[in-house]
Each structure stands twice: as C-alpha cells, then as structure tokens.
Amino acid sequence: MRRFRFVLGVLVNKHDFPKIHFYDQDFVDIYNKTWSWISSFWVDPETGKQDNGGFFLYPEKSGDTQTFIIDQFESTLSSFFLVYSNRNFDACKNIDFFYSKQEDTGAIRWRYDMETGEPVMDPSNPEGIGLPLFAWAEYNLYHKSANKRRIRDVMPVLQKYMSWIEANFKQENGLYAVPVTASTMMNSPRGNAVYPVDFNAAMAINASYMSALGDILNDKELSFQYRKMYFSIKTRINSMMWDEESGFYYDLDMTQNWLNIKTIAAYWTMLAEIPSADKADRLVAHLGNPKTFGTDHPFPTLSADSEFFSESGNGWCGSVMPAFNFMVIKGLEQYAQYELARECSIRHLYYVLETLMPNNEKEHGDLYEAYLPCREGKASMEGNEAFPRPHYLITAGLSTIALMIENVIGLSISLPRKTVDWIIPNLEIMGIENLSLKRNLITILSNKSNRGWEIQMESEKLYYFTINILDQKKKTLPIPSGKCSMLIDKL
C-alpha cells in the first residue's frame, strides 16, 4: 500500500515541478496541466510578453485593447499554491508589488493597472479597500520557506496597513463598515450590508496571524497587541452577527440588523476560528444540506434556499468558485474536519475535471473562474458574457494544486518546525515526489510492500514525521539522517 520515501537535501532541476501520485490518473493530469499552463500568465507588464520573472497576471480585454490588472485578493491567495512550484515561480512577487504601492497613510488599494502603476478605483469602493489577508499569506510563506528575515522586513508595512483600516473603517460598535464589493462578491444580493461578515472575519484572520508573526519575531508586545484586537473582533462577530435559530452568521445593515441572506461569506469565520465548537457544527451542517450549501458541486456562493439563487450560477448568486472553496476547506481544517475537507476537495475536483474534459465533443473544456452548483459545467452571469473567465489559473490552481497536495494527498509541511504531517483518511496509492523546499528535496510515496504497508524514509537532516491514519493510528517520530523504515501495522 503506502510506502513513504522521505528524501531531503537535494535540489531538483530548475524546470521540474513536484510530481504527485494518486490512484486516479485524471487528478494527476489536471495537476500537471495547471503547472504547464501557468507560465503563460507570468508577464512583463511593460512589454506584455511572457516572462517568468514578471508578474502572475490575467489579461483583461476590451476590443483590441489588452490591459493587465493586478488584484489583491487573487494575488494573495495564489501564493498558497505557488509555494509548491519548486521556485520556478516567485510566490511573493505579486504580494510584494502591493507592498511597494503602500501610501504614506498606510493604504494599499485592492487593484492596480500594471501599465500605469495607478490604483483602479470603483465608484462603489472609493477607498479601494480589499480583504485584508496579507498576514495569513505571510505566515504560510514562512512555513514553506523558513525565511524569518522576510517577516521582519514586511512587518512595518503590515502594521501601517492595519492602522489605516482601523482609522478609516472601524466604527464605534467595534465592527468594520466597508463596501460589499471589498469582498469581491460583485453581484451577491448583499446590497444593504454595511458591516460585511467576511471583511470583519478577514480582519480577525489578519489580526490573529499578525500576532503569530509577532511570536515568530519574539516580539511579545506586538503579539499581544494583535491578539487583543483578534479577540475584540471575535467577540463582536459572535454577539452581533450570529443567529442562533438558523445557525448562521449574517451581514448587518445600517441599523445593525441581520440581512438574513446566507452567503459563502459566513465561512470566513471558521477560517478565523470565531465559532465555538457548537456553532461550527451548525455551520458544517449547512455544508451537507442540499437546501443550503450542500449542492452536488460544493459549495455555492449563495444558499440554495435563497430566492436569488440561480442554478446557472449567475455570478455570485450560486456559482462555485475555487477561491471560496479553498477558504471553506481551510476553515474545516481549523476544526479538525479533515475527512470532510478531503471528501469535499475530491468532489469539487471531479466537477472541475468534468468541465475540463467534457463528454460532449462540441464543448471546449477549460479551467474556469466559476462553475455550476448542481451539475458539471461552467457558470454564467446575466449581462456579462466574459464571465466566467477561462484558463483562470490564478484561482483554479488553489484547487488543482494546493487542495490536491494538502487535502487529497494530505500533506502539511513546516520548515521552521522541521515537521512533515501526513493525514491519511484512506489507504491508497499516493504521494509526492521531488518537492523542493529551501534546498530540501522531499519525496513521500505510499505503496504496499511484501511485508504490508511500509514507511520507508531517507533524510540528510533530522526531521519530525507525524502520520495519522484513519484517525486510528497517529505517531510522531524523529527521522534521523540516513535511511529507516517501519511497518504501519507495527505503529
């Protein structure tokens, strides 16, 4: 069954990406296709030509004109799968662009025109505020690179950014009032929302990870400051946005009343670890309820029982979007719902596969920005023929790469902690090969040997390996330099 081969200390060829092994070859193919397509979207904005040293951009076309707009939300999230590129692509490049644009006030706007370097403003969002998720991304980058110096360098930028949000958007009730478009959910029926649940939860996420970054820097004052901010936001979200009867978090209107429209935005609270265990169970129940978020293709951006829900997706009125699925699944992990997270990841990827490789020869398959909630296929949006954007790898890679490695295969790696965790809900042939992380090459493969299910490892440095099988066997072992092996039955 599974043989784990764990090798560290060798650099891969610059042009190689990590290889994955999985019993369903279609999953391997879609993973490989994503890597092979991504280079087409690394562009030098000055020339408009492909350049791996450029930025990860998607062209926006209007007639014969092509512009490159860089988006804060998508750039931040794309770093979560670019960290697995074996340094073929710089996972920090897009994020660093936003840092370079910080204004004296601390402001960082949500979108910029790469040709002019100027912010792209929307009348509905005059300050250009986006979801504050930089600290979450930086924490993940740290655990995949162990680059403490970067944390030290970016912390002043992150602090100024948080101070700008505090000064301009925090209200007397302790919540943050921002335009709904800051959430990127453009046509979601949340027009009357003044206090969006997703933005407030994102502020809690950012504060929590700012505190964690403070701990990394051994700055107790900084850590305490943001931990205090986190608990303040958490308390207000729980007391003002939670409805006990329906078991859900809602946006608030101007008078601080619930909007009573269930959207995927509520699940940012799980990523922020805001719900208690009981509240989290009720939110999770909605993910399995076909009348709310348990549609055939998980998870729609709008609850299926809403009068505004559309089976054609209609933008953010029911479409399934990889960026939001990634968020929900990472939220499930925070509550140790690993098996459900894996199950939903696999279901989501099957629908993505069906749309990439349709049975109908007349249809052209692709990786899209958004999918149908109740059957395979791409979503649509009234009055917008350009939606969903095809070949939209900047978010699709979250599904086909990040979820594939972290949730389907089940790997969690931290270089500073010197730990590799492998959560295996099912005994299957799978693993990863030639994953390069800071001069270390990691290969973990599972196969069945003549002696049964065997773990074989090879390492040049001491690492700690935790294996969790079916929630029945869990073991953490130091992996010394050299070779070692063990049988799962002996654990």
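This is a predicted model: local features need pLDDT of at least 70, side-chain atom pairs count only at pLDDT 80 or more; totals for chains, interfaces and linings use all residues.
**Helix α3.** I began with helix α3 (residues 93-100), where the buried residues are Asn 94, Ile 95, Phe 97, Phe 98 and Tyr 99. I then looked up what the buried residues of α3 pack against, and got β4 (55-56), β6, α2, β7 (111-113), α4 (134-145) and α5 (148-169).

**Aromatics.** I picked out Tyr 99 and Phe 134, which pair edge-to-face at 5.2 Å centre to centre, with 65° between the planes. This pair links distant parts of the chain, since Tyr 99 sits in helix α3 and Phe 134 in helix α4, 35 residues apart. Buried or exposed?

**Core.** I went to the largest nonpolar core, which has 161 residues. Trp 136, Tyr 267 and Trp 268 have the most contacts inside it. Helix α6 (residues 197-216) gives the most to this core, 13 residues. As a reminder, nonpolar side chains tend to be buried together in soluble globular proteins. I listed the neighbours of Trp 268, leaving out residues up to four places away in sequence: Phe 73, Leu 131, Leu 133, Trp 136, Asp 198, Ala 201, Ile 205, Phe 324 and Met 327.

**Pockets.** I looked up the largest pocket and noted about 1,100 Å³ of space. Its lining has 42 residues, with Lys 330, Glu 333, Gln 334, Tyr 338 and Ser 412 nearest the centre. I sorted that lining into 19 nonpolar, 11 polar and 12 charged residues.

The second largest pocket has a volume of about 810 Å³. Here 33 residues make the lining, and the closest to the centre are Glu 60, Arg 111, Glu 369, Arg 389 and Tyr 392. I sorted these lining residues too: 22 nonpolar, three polar and eight charged. Which element gives the most to this lining? It is β5, with four residues. The elements that each supply at least two residues are β5 (58-62), β6 (65-71), α2 (72-82), α10 (322-334) and α12 (393-409).

**A buried lysine.** I stopped at Lys 262, in the loop between β9 (248-249) and α8 (268-271). Lys 262 counts as buried because its relative accessibility is 16%, and the cut-off is under 20%. Not counting residues up to four places away in sequence, Lys 262 touches Ser 246, Phe 248, Tyr 250, His 286, Thr 292, Phe 293, Leu 302, Ser 303 and Asp 305.

**Backbone.** I found a cis peptide bond from Pro 298 to Phe 299, omega near -5°; Phe 299 is in the loop between α9 (277-287) and α10. The bond from Phe 387 to Pro 388 is cis too, with omega near -5°, and Pro 388 is in the loop between α11 (338-356) and α12.

For positive phi, I noted Glu 273 near 55°, in the loop between α8 and α9. Glu 273 is partly exposed, at 39% relative accessible area. I also noted Ala 336, with phi near 60°, in the loop between α10 and α11.

How values were computed. Residues are numbered from 1 along each chain as its sequence is written. Side-chain values use heavy atoms; hydrogens and water are left out. A nonpolar core is a set of buried Ala, Val, Leu, Ile, Met, Phe, Trp, Tyr and Cys residues joined through side-chain atoms within 4.5 Å. Buried means under 20% relative accessible area, exposed over 50%, partly exposed in between (1.4 Å probe, protein chains only). Contact means heavy atoms within 4.5 Å. On a 1 Å grid over the protein atoms alone, a cavity is a set of points where a 1.4 Å probe fits but cannot get out, and a pocket is an open set with protein on both sides within 12 Å along at least five of seven lines; lining residues have an atom within 4 Å of a point. Grid points are joined across faces, edges and corners, and a volume is the space filled by probe spheres set on the points. Ala, Val, Leu, Ile, Met, Phe, Trp, Tyr, Cys and Pro count as nonpolar, Asp, Glu, Lys and Arg as charged, and the others, Gly among them, as polar. Rings of Phe, Tyr and Trp (its six-membered ring) pair if their centres lie within 6.5 Å; planes under 30 degrees apart count as stacked, over 60 as edge-to-face and the rest as tilted.
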